[in-house]
Amino acid sequence: MIHVEHVTRTYGRLVAVDDVSFSVGANEIVGFVGPNGAGKSTMLKMLSTYLEPTSGTIRVGDTDIDVDAVAVRQQIGYLPGDTPLYGDMVVIDWLRFVAGAHSLTGGAIDAAVTRVVDTCGVGPVIDKRIHQCSTGFRQRVGLASALIHDPPVLLLDEPTHGFDPLQVMAFRDLLHQLKQDRAILFSTHIIADVEAVSDRVLIIDHGRLLADGTLSHLCDEAGLADPSLERLFAHLVSEIGDAHV
Amino acid sequence: MSSDRHRPQLSWIDAIHLVTKRELRAYFDSPIAYIYAAVFLALSSSAFMNAFFLEAIVDMSSWFERLPYLLIVFAPAMTMRSWAEEHAQGTIEILLTLPLRSGQIVVGKYLAALAFYAMVIAGSLPIVVMLVRLGPADIGTILAGYLGALWLGAFFLAFGQFVSSLTHNQIVAFVLAALLASLFTFSGHPQVVEIIDGLAPEWQLGSWLAMSVSVLPQYETFVRGIVGLGALVYFTSMINLFLWLTQIGLGRIRR
C-alpha cells in the first residue's frame, strides 16, 4: 500500500532523509525507529503529503503523491508528532469537521464519529474543548480524527507520546485490531512499542535507512543471539561508525 | 471496517463552505471578536455622530470616510491570527494533510474573515434606519457606500491574510499588515500626496502613488455613490493577487 522509492529530502544543505526506499503492505504494522532527528518525522510528513520529497517517488495504493496529493490524503489517516489540534474546538465538532473534509455526510458522519469515539475511548471528553483535554486524551482525539474515514493507510508519529502504561497497552491492542486490511506505519523511539506490535521494523539514522525486516531476521543477520531491538540498533549504528572511521 | 473507502473528493463549494464554517465559528468562539465588533462600531459611529449633531450633516459620508483609517488597525487585527496561529500551533500540518486543496482552504479562511467583517459593518445599519426615518435619505449613495465598504474590507483582509501566512508570529503579522494598510491608505491622502509631490515636483510621485497604489481614489468613487468599473477591476485584481500569493506561500511550505 505504501511504496517509497529512493526518496531524499533536504532542508537547505541538511539532508534529513537520504535515498530511502521501503514499502508497507496491507495487514502489516511497521515500526519506524531511530533517534531524535534521524528523519522519521520528515519521512512521515512526506508520506502524509505535508512535505514534498526533494527527489524520489512515493505511491500510496496506486496513486503517486506528485500526481494527485488529494487522492492520497483520502487514503491516509495521519497523526502528526505533538498532535497539533485546534484547542478552541469542541472534540465532537473537530471530529465532524474532519469527517466532512473526508466527504462524509449526514448519517455517515454520525456513524463514523460514534465508531471512533468508541474505538479510541474519547467519550469522556467528547463535549470538551480540546485545550481542556489531558495530553493522553489529546492524543486519542488525534488518533480518532486519523481514523474517522476508515483509511487503508495509517501514519502515526510518536503515537504513544503522553500515554500512561495502561493507555500504552490499550493502544497496542488497538493497533492489532486496526491491522486488518490496513497498512500501519508508526514512528517511535520507544523500543518496547516496536517490539510489542510491529511485524517489521525500519531503522533509520542520520536520514539513512539502516535496516528493514523482522526483528528476529535482522538480529540473525547481525549475529545477535538475543533478538533485542536495542542491541540491534546499537550494533547497526556502531557498524556505520566503523565504516566512517 | 467500512467497505466504502473510495469517496469522491469534495466539490470546491462544499470544501470552501466546510472551511468557512469552521473559521467563522472560531471567530465567534472568542470573546475578542465581540470586543472587536463593539469597539469598531463605537469608533466608526462616533464620526457619524459628530457630523450629525455638531455639523448637522444628515448623511453617512463621515462614517464611510473614516472607514479606511479605522481598517488600518482593525483589518490586521482580524487577520493576524488567520495563518500565523496555524503555523505557531502546528495545526497547519493537520489542515494541509486533509483532502482539501490549498486554494479551497485559502478561500474558505478568507470568506470567513469577510463574513465576520460584513456582520460587523452591518452593525451600523441602525444609522441608516435613523436617516431614513428622519427624512429623505439618498439610499442609492448609502448602498454604494456599503458596497465600497465591503470591497475595501475585502481588499484589506486579502493582504492581511497573505501577510499572516508569511509568519509564525501574530504580532509581526499585525504590524506588517498595518504598515501595508497605511501605505495603501495614506498614499492617497491629499496632504500626503501634496508633500510627496512637493519633494520632487517634476516627478509628481505623490500623485502617481495616489492614482496607482492607493485604495482611496477607488473607494471614494463608491462613497460618492458611483459604482465604477475601474474601482471594481482594481479591487478584484488586488484581492485575487493576494489570495493567489497566499496560496503560493502555502505551496512553499511543502518544498
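Q: In this predicted model, which strand of chain A runs parallel to β3(A) and is joined to it by four bridges?
A: Let's start with β3(A), which covers residues 28-33 of chain A. Its partner here sits at residues 200-205 of chain A, and the two run parallel. One facing pair is Phe32(A) opposite Leu202(A).

Q: Which residue of β8(A) is the bridge partner of Val30(A)?
A: β3(A) also pairs with β8(A), the strand at residues 183-188, in the parallel sense. Six bridges hold that pairing. In β8(A), the partner of Val30(A) is Leu185(A).

Q: Is β3(A) largely enclosed or largely open?
A: Count the buried residues: five of the six in β3(A) qualify. For chain A as a whole, buried residues make up 48% of the 245. With five of its six residues buried, β3(A) is therefore largely enclosed by the rest of the structure.

Q: What radius of gyration does chain A have?
A: Chain A has nine helices and 10 strands, and its C-alpha trace spans about 60 × 40 × 30 Å along the principal axes. A compact globule with 245 residues would have a radius of gyration near 18 Å. Chain A agrees with that, at 18 Å.

Q: How many residues of chain A are in contact with chain B?
A: On the chain B side, 24 residues take part. The elements giving two or more of them are α1 (12-29) and α4 (91-96) of chain B. By class, that side has 10 nonpolar, six polar and eight charged residues. Across from them, the number of chain A residues in contact is 25.

Key. Residues are numbered from 1 along each chain as its sequence is written. Chains are lettered from A and ligands numbered from 1 in the order in which they are written. This is a predicted model: local features need pLDDT of at least 70, side-chain atom pairs count only at pLDDT 80 or more; totals for chains, interfaces and linings use all residues. Two residues are in contact if their C-beta atoms, placed from the backbone, lie within 7 Å. Ala, Val, Leu, Ile, Met, Phe, Trp, Tyr, Cys and Pro count as nonpolar, Asp, Glu, Lys and Arg as charged, and the others, Gly among them, as polar. A residue is buried if 20 or more other C-beta atoms lie within 10 Å of its own, exposed if 12 or fewer, and partly exposed in between; C-beta atoms are placed from the backbone. Two strands pair if DSSP finds at least two bridges between them. The radius of gyration is taken over C-alpha atoms; the globule rule is 2.2 Å times the number of residues to the power 0.38.
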